[in-house]
Amino acid sequence: MTDARPDRYHRQMLLPGWGAAGQQRLAQAHAAIVGVGALGSVIAEQLARAGVGTLTLVDRDIVELTNLQRQFLYAMGDLGSPKVEAARARLTQINPDCRIYAEATDLRADNAEAVLGIHAQRPAVIIDGTDNFETRYLLNDLAVLHAIPLVYGGALATGGTQMTVLHDPPSRPCLRCVEPDPPPPGTLPTCDTAGVLGPATAVIASIQAAEAIRIILGLASDTPPSLVQVDLFSGQFRRMSLAGAHDPACPCCVRRQFPYLAGTHDTSERLLCGRNTVQISPPAVSRAPATPAAPPAARRTLDLAALAARTQSLGPTRHTAQSVSVTLAQEAAEVTIFADGRILVSGTTDPARARAIAARIMG
Ligand SMILES: [Zn+2]
């Protein structure tokens with residue numbers, strides 16, 4: 001199914017270090033993309049078009065109107081759908097040879113290894129398309145522990161940053177060598193407060209996609225470690241060397257302490273940054289590695305069809321493969337329940353009120 005097709009991929013196979021052998025490597029590779037918003041939707045499209053055989057897409061969110069300015073995979077008809085579902089539908093149209101696992105979930109310490117398939121079909125690369133430091137440091141823990149390359153990217157306002165974490169030789173820096181701790185929540189501007197330029201996210205995402213392709217083709221380790229910074233309005237493109245950035249006392253890649261993967265940072269209710277939305281997480285599940293015999297679908301428990309049948313009487317209901325959304329006119333709120341038990345309550349920033357609204361539906 002994922003055999004290289006020379007006609008489709010001919011133009012990229014002409015590139016140095018690629019050829020039929022490189023195309024075959026791509027077809028056999030699995031790339032995990034965490035976050036399919038502005039960065040991840042561009043990365044996923046680039047990798048699907050390039051012929052990466054398997055993509056795991058992870059995102060906890062639904063498509064909203066303010067996303068369409070920069071999140072290239074989505075259109076008006078996707079509003080209210082889980083991003084990973086809309087992304088899978090579009091990517092399958094683009095390249096039906098690409099196998100796509102769509103995970104509408106919040107990547108957490110207790111599910112990250114199973115969701116990313118690390119124990120089943122190990123990813124050749126993990127790509128960070130998230131907008132929060134909590135997940136970003138969790139990914140660094142995972143990448144270092146399992147020696148999987150990590151392609152980090154971030155975009156804000158008119159610019160962005162990109163860094164690739166490789167593990168061979170071990171003298172290369174990880175994310176925590178460069179930035180030992182995440183900034184305290186609320187101390188940095190976000191896309192919701194500072195705005196974000198669509199082309200800036202697309203440039204950073206394209207650099208990330210190129211890095212992922214180079215890693216899969218085996219071309220990345222020749223390049224010295226560096227941090228790329230871009231600002232499209234001032235026209236500045238900078239590459240800072242990270243050749244001396246490895247910290248010989250790094251808690252992560254040297255001392256091999258993985259606090260983010262140990263799960264001490266999880267909270268059950270969380271205000272989603274600047275969004276007038278509260279996320280209510282399901283109770284943590286025991287850490288059970290995915291196996292080929294127990295694909296990701298086996299972890300889902302909610303009967304969404306039955307739930308949608310019950311919610312019809314409460315308000316207009318939208319039922320997709322991985323979610324049920326209900327609009328509650330009286331509460332001026334929209335509640336989205338995902339198959340993994342996670343709930344988004346839009347229309348409030350008060351966790352107690354969000355829980356009360358969710359209880360109207362979930363009991
Ligand atoms: Zn380190």
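Predicted model: local features only at pLDDT ≥ 70, side-chain atom pairs only at ≥ 80, totals over all residues.
Local features are given only at pLDDT of at least 70 and side-chain atom pairs count only at pLDDT 80 or more, while totals for chains, interfaces and linings use all residues. Residues are numbered from 1 along each chain as its sequence is written. Helices (H or I, at least four residues) and strands (E, at least two) are DSSP runs, numbered from the N terminus.

**Nonpolar core**

- The largest nonpolar core has 92 residues, and A31, A44 and I126 touch the most other members.
- Helix α9 (residues 198-217) gives the most to this core, namely ten residues.
- At least three residues of the core come from each of domain 1 (6-262) and domain 2 (269-362); these bounds come from an automatic or database domain assignment.
- A nonpolar core here is a set of buried Ala, Val, Leu, Ile, Met, Phe, Trp, Tyr and Cys residues joined through C-beta atoms within 7 Å.
- A residue is buried if 20 or more other C-beta atoms lie within 10 Å of its own, exposed if 12 or fewer, and partly exposed in between, with C-beta atoms placed from the backbone.
- In soluble globular proteins, nonpolar side chains tend to be buried together.
- Leaving aside neighbours within four places in sequence, A31 is in contact with L47, V52, L55, P123, A124, V125, I127 and A212; contact means that the C-beta atoms, placed from the backbone, lie within 7 Å.

**Main sheet**

- Eight strands form an open sheet with mixed pairing, in the order β3-β2-β1-β4-β5-β6-β7-β8; two strands pair if DSSP finds at least two bridges between them.
- The edges are β3 and β8 (236-241), each with a single partner strand, so one side of each is left without a neighbour in the sheet.
- On average, neighbouring strands of this sheet are turned by 15° against each other, direction ignored.
- Six bridges join β7 (residues 226-231) to β8 in the antiparallel sense, and Q229 stands opposite R238 in β8.
- Helix α6 (residues 133-146) packs on the sheet, where it touches β1 (30-34), β4 (125-128), β5 (150-156) and β6 (159-165), and its direction makes about 165° with that of β4.
- Helix α9 also packs on the sheet, touching β1, β4, β5, β6 and β7, with its direction at about 175° to that of β5.
- For these angles, axes are lines fitted to C-alpha atoms, for helices over the stretch in contact, and angles run from 0 to 180 degrees between N-to-C directions.

- The 20 residues of α9 reach 28 Å from first C-alpha to last, close to the 28 Å expected at 1.5 Å a residue; the expected span is 1.5 Å times one less than the number of residues.
- Just after α9, G218 takes a positive phi of about 80°.
- I215 lies in α9 and counts as buried because it has 22 C-beta neighbours inside 10 Å.
- Apart from neighbours within four places in sequence, I215 is in contact with A124, V125, P149 and A220.
- The C-alpha atoms of I215 and T164 are separated by 9.7 Å, although the two residues are 51 apart along the chain.
- K83, V84, E85, A86, A87, R88 and L91 of α4 are buried.
- The buried residues of α4 pack against α3 (38-50), β2 (54-58), β3 (99-103) and β11 (317-320).

- β12 and β13 pair in the antiparallel sense over six bridges, with T336 as the bridge partner of S325.
- The hairpin of β12 and β13 has four residues between the strands, and A332 in it takes a positive phi near 50°.
- A332 counts as exposed because it has 11 C-beta neighbours inside 10 Å.
- A332 and G347 are 15 residues apart in sequence and 6.3 Å apart, C-alpha to C-alpha.
- β13 and β14 (residues 343-346) run antiparallel and are joined by four bridges; T336 stands opposite L344, and V335 has V345 as its bridge partner.
- In the hairpin of β13 and β14, G341 takes a positive phi near 95°.
- Both faces of β14 are covered, with I343 and V345 buried on one side and L344 and S346 on the other.
- β10 (residues 277-280) pairs with β14 in the antiparallel sense over four bridges, and I343 is the bridge partner of I280.

Conventions: Contact = placed C-beta atoms within 7 Å.
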